[in-house]
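Open the model in a viewer and keep the selection panel at hand. The stops below say what to select and what is found there.

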Amino acid sequence: RIRHIHVKNTVIRRDKLDDVGILHNTAKDRGFEENQWWYHSLLDEGEIDWRRMLSAFMPDLPDLSFEMEDYRYQKSVDDVKKGLGKQIEYIRRIMP
């Protein structure tokens with residue numbers, strides 16, 4: 001039985017991936033660099049359909065955890081709180 005899932009999501013910029021390739025991720029600090037082909041996103045913005053994923057675990061949904069990895073919400077403590085709040089709202093909205 002799975003007891004815990006650490007949820008996260010990633011946006012893949014396919015146009016940039018096709019242009020620069022998988023090994024060209026040049027960002028040195030957290031944030032975004034022009035040629036970066038992926039970035040961590042809010043849970044509802046990336047590649048993973050979390051509603052579908054979580055429904056596969058029913059009726060024994062494991063504990064969930066997440067953190068703020070979206071660089072757009074890491075500029076200040078208030079930004080982190082805002083991003084975390086958005087993720088909590090999303091999880092509540094999609095809970096099977």
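**Stop 1: Asp79**

Select Asp79, which sits in helix α3, residues 77-94. The model is a predicted one. Asp79 is partly exposed, its relative accessible area being 25%. Beyond residues up to four places away in sequence, Asp79 touches Tyr73 and Gln74.

**Stop 2: helix α3**

Which residues of α3 are buried? They are Gly83, Gln87, Tyr90, Ile91 and Ile94. Look down the axis of α3: these buried residues fall within an arc of 100°, so they line one face of the helix. An α-helix has 3.6 residues a turn, so residues three or four places apart point the same way.

Now turn to the face of α3 that points away from its buried side. The exposed residues there are Val77, Asp78, Lys81, Glu89, Arg92 and Arg93. Back on the buried side, the cover over the buried residues of α3 includes β3, α2 and β4.

**Stop 3: the nonpolar core**

Select Ile5, Val7, Leu43, Trp50, Leu54, Tyr90, Ile91 and Ile94. These 8 residues make up the largest nonpolar core. Two or more of its residues come from each of α2 (50-55) and α3. Which element gives the most to this core? It is α3, with 3 residues.

Setting aside neighbours within four places in sequence, Leu43 is in contact with Val7, Lys8, Asn9, Ile48, Trp50, Phe66, Gln87, Tyr90 and Ile91.

**Stop 4: the aromatic pair**

How many aromatic pairs does a search of the whole structure find? The search finds 1. Select Tyr39 and Tyr71, which form this pair: it is edge-to-face, with 5.6 Å centre to centre and 85° between the planes. The pair links distant parts of the chain, 32 residues apart. Tyr39 belongs to strand β3 (residues 38-41), while Tyr71 lies in the loop between β4 (63-65) and α3.

Are the two partners buried or exposed? Tyr39 has 14% relative accessibility and counts as buried, because the cut-off for buried is under 20%. Tyr71, at 21%, counts as partly exposed.

**Stop 5: Val20**

Move to Val20, in helix α1 (residues 14-20). Val20 counts as partly exposed at 23% relative accessibility. Leaving out residues up to four places away in sequence, Val20 touches Asn35 and Trp37. Select Arg52 as well: the C-alpha atoms of Val20 and Arg52 are separated by 31 Å, and the two residues are 32 apart along the chain.

**Last stop: the whole chain**

Zoom out and colour by secondary structure. The protein chain comes to 3 helices and 4 strands, and from the N terminus on the elements run β-β-α-β-α-β-α. Taken along the principal axes, the C-alpha atoms fill a box of roughly 45 × 30 × 20 Å. Of the 96 residues in the chain, 25% are buried. The chain exposes about 6,600 Å², and carbon and sulfur atoms supply 49% of that area. Among contacts between residues at least 6 apart in sequence, 69% join residues at least 24 apart.

Technical notes
Residues numbered from 1 in each chain as written. Predicted model: local features only at pLDDT ≥ 70, side-chain atom pairs only at ≥ 80, totals over all residues. Heavy atoms only, no water. Buried < 20%, exposed > 50% of the residue type's maximum accessible area, 1.4 Å probe, protein only. Contact = heavy atoms within 4.5 Å. Core = buried A, V, L, I, M, F, W, Y, C linked by side-chain atoms within 4.5 Å. Phe/Tyr/Trp six-rings, centres within 6.5 Å; stacked < 30°, edge-to-face > 60°. Arc of directions from axis to C-beta. Areas by Shrake-Rupley, 256 points an atom, 1.4 Å probe, with all protein chains shown as cover.
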